[in-house]
Amino acid sequence: MNYTNRLKEKSDSLIGLLAGQCADLEVLFDLAQRETAAAGQKDFETVFNIVTERAMIGEKLETYQRQIAELRSFLAGSESVYESSSLTARINQLAEQTLAQDAQTKVLLNDARDETALELRNLATGKRSVNVYLQEMQKGLSYNESI
């Protein structure tokens with residue numbers, strides 16, 4: 001097989017990998033949006049399930065990246081095949097959108113954590129107050145006939 005044919009075959013493989021990567025990034029972005037919504041509703045079980053799904057997609061994306069890197073090294077003199085792809089632009093856009101969505105989710109989760117910590121402190125204060133009250137009830141106010 002001559003160089004031109006190998007170049008075409010590798011270019012087609014690269015486009016196929018980019019298309020697969022783009023499809024998985026679409027799913028990842030959808031999951032990121034659902035994760036943000038779940039965090040906003042304080043549905044942490046759903047957040048956990050989505051994080052698990054995202055981890056599996058992340059592993060697939062790492063595989064794509066390794067394969068793409070190998071093909072890019074072969075196509076080193078033909079970078080225009082990779083860089084001019086509209087798939088590449090969409091991949092970059094999805095990555096940016098997913099990162100922005102994750103930033104929103106992080107704010108919501110941090111707020112929920114802070115709110116929960118405050119509620120726990122208030123609960124501990126209330127528990128201490130009730131315990132003090134109950135201890136005082138046992139000590140001091142019994143009926144005294146001498147009064």
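These notebook entries record what I looked up in a predicted model of one protein chain.

**Entry 1. Overall build**

I began with the secondary structure. The protein chain has four helices and zero strands, and from the N terminus on its elements run α-α-α-α. I then turned to the contacts between residues at least 6 apart in sequence, and found that 80% of them join residues at least 24 apart.

**Entry 2. Surface and interior**

Next I looked up how much of the chain is covered. Of the 147 residues in the protein chain, 25% are buried. The chain exposes about 10300 Å², and carbon and sulfur atoms supply 56% of that area.

**Entry 3. Helix α2**

I checked the length of helix α2, which covers residues 44–74.

Which residues of α2 are buried? I noted Val47, Ile50, Arg54, Ile57, Leu61, Tyr64, Ile68 and Leu71. To read this list I recalled a general point: an α-helix has 3.6 residues a turn, so residues three or four places apart point the same way.

**Entry 4. Salt bridges**

I then searched for charged pairs. As a reminder to myself, side chains of opposite charge can pair when their charged atoms come close. How many salt bridges does a search of the whole structure find? The search finds six. I wrote up three of these pairs in detail.

*Lys60 and Asp24.* The side chains of Lys60 and Asp24 meet in a salt bridge, at 3.3 Å from N to O. Lys60 lies in helix α2 and Asp24 in helix α1 (residues 3–40), so the pair ties together parts that are 36 residues apart in sequence. Lys60 has 43% relative accessibility and counts as partly exposed, whereas Asp24, at 10%, counts as buried because the cut-off for buried is under 20%.

*Arg90 and Glu26.* In this salt bridge the closest N and O atoms of Arg90 and Glu26 are 2.8 Å apart. Arg90 belongs to helix α4 (residues 86–139) and Glu26 to helix α1; the pair links distant parts of the chain, 64 residues apart. Arg90 is partly exposed at 25% relative accessibility, and Glu26 is partly exposed with a relative accessible area of 32%.

*Asp102 and Arg54.* The side chains of Asp102 and Arg54 meet in a salt bridge of 2.7 Å, N to O. Here the linked parts are helix α4, which holds Asp102, and helix α2, which holds Arg54, and the two residues are 48 apart. Asp102 counts as partly exposed at 23% relative accessibility.

Glu35, Arg54 and Asp102 are linked in a network of salt bridges.

**Entry 5. A nonpolar patch**

Which residues make the nonpolar surface patch of about 310 Å²? Val130, Tyr133 and Leu134 make the patch. I looked up Leu134 separately and found it in helix α4. Is Leu134 buried or partly exposed? With a relative accessible area of 45%, Leu134 is partly exposed.

How values were computed. Residues numbered from 1 in each chain as written. Predicted model: local features only at pLDDT ≥ 70, side-chain atom pairs only at ≥ 80, totals over all residues. Heavy atoms only, no water. Salt bridge = Lys/Arg side-chain N within 4 Å of Asp/Glu carboxyl O. Buried < 20%, exposed > 50% of the residue type's maximum accessible area, 1.4 Å probe, protein only. Contact = heavy atoms within 4.5 Å. Areas by Shrake-Rupley, 256 points an atom, 1.4 Å probe, with all protein chains shown as cover. Patch = residues over 30% accessible without salt bridge, like charges linked within 9 Å, V, L, I, M, F, W, Y side chains within 5 Å.
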